Amino acid sequence: APRRDGPSWRQFLSAQAKGIVACDFFTVETVFLKTLYVLVFMHIETRRILGVGVSANPNGAWVTQQARNLVVDLDGDPERCTRFLLRDRDAKYCRSFDAVFDAEGIEVVLTPYRTPQANAHAERLIGGLRREVLDHVLILGRRHLLDVLREYAAHHNSHRPHRGLGLRRPHDVGRPIPGPGPARPEERQRREILGGLIHEYHARAA
């Protein structure tokens, strides 16, 4: 077979991970049988959740506003240089959504048709959200879902270890690895997240 020009999809993601933000939609059903749409943004290299939006009607104006919110947050972080936004071909992404990123010099990269594995990082995040939280919580409405997702995002970014990061937390990426701890086991305290659904363990202050 003839050799293709340029890197493969896997090579592209590996080489450009520092500058790629991935996004994806998923749906959540409330106890009142109402469908809510969630748009989540994730930085591929650090696995950090950058933003979460919830709407019952994700029209063009709402989707564009989510893009503006993300761009403002990216501008406030000088250490992150975003070059690409990775998304699928969902019709909910309108032209004005892409225009927000074009104006900032961020290239919008579309995944191939019917290939969710091409956006595997976002798909893995959504799967973890469902298994760890949404499959165990009855969602009452938009505000409730947004509070749940924001609390999980804070846990995900600051406490949850990731295999793809060598069992480090997203907030620790780029920081020096601390040396070995004390020989004696430290006293730990437990903090409950999402009403006890998730537990965080911290060393008790002396």
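User: At what angle do helix 4 (residues 120–132) and helix 5 (residues 142–158) pack?

Analyst: This is a predicted model in which local features need pLDDT of at least 70 and side-chain atom pairs count only at pLDDT 80 or more, while totals for chains, interfaces and linings use all residues. Residues are numbered from 1 along each chain as its sequence is written, and side-chain values use heavy atoms, with hydrogens and water left out. Helices (H or I, at least four residues) and strands (E, at least two) are DSSP runs numbered from the N terminus, and axes are lines fitted to C-alpha atoms, for helices over the stretch in contact, with angles running from 0 to 180 degrees between N-to-C directions. The axes of helix 4 and helix 5 lie 12 Å apart, and the packing angle is about 115 degrees.

User: Which orientation does that give helix 4 relative to helix 5?

Analyst: Angles under 35 degrees count as roughly parallel, over 145 as roughly antiparallel, 65 to 115 as roughly perpendicular and the rest as oblique. With helix 4 and helix 5 at about 115 degrees, helix 4 is therefore, relative to helix 5, roughly perpendicular.

User: Which residues of helix 5 make the contact with helix 4?

Analyst: Contact here means heavy atoms within 4.5 Å. Helix 4 contributes Leu 125, Gly 128, Leu 129 and Glu 132, and these meet, on helix 5, Leu 149, Tyr 152 and His 156.

User: In which sense do strand 4 (residues 84–87) and strand 5 (residues 107–110) pair?

Analyst: Leu 86 stands opposite Val 109 in strand 5. The pairing of strand 4 with strand 5 extends over four bridges, and its sense is parallel.

User: Which residue in strand 2 is the bridge partner of Val 21?

Analyst: Strand 1 (residues 20–29) and strand 2 (residues 35–43) are paired in the antiparallel sense over nine bridges. In strand 2, the residue bridged to Val 21 is His 43.

User: How are helix 2 (residues 60–75) and helix 3 oriented to each other?

Analyst: Helix 2 and helix 3 pack with their axes 8 Å apart at an angle of about 15 degrees. Their orientation to each other is therefore roughly parallel.

Key. Pairing = 2+ DSSP bridges.
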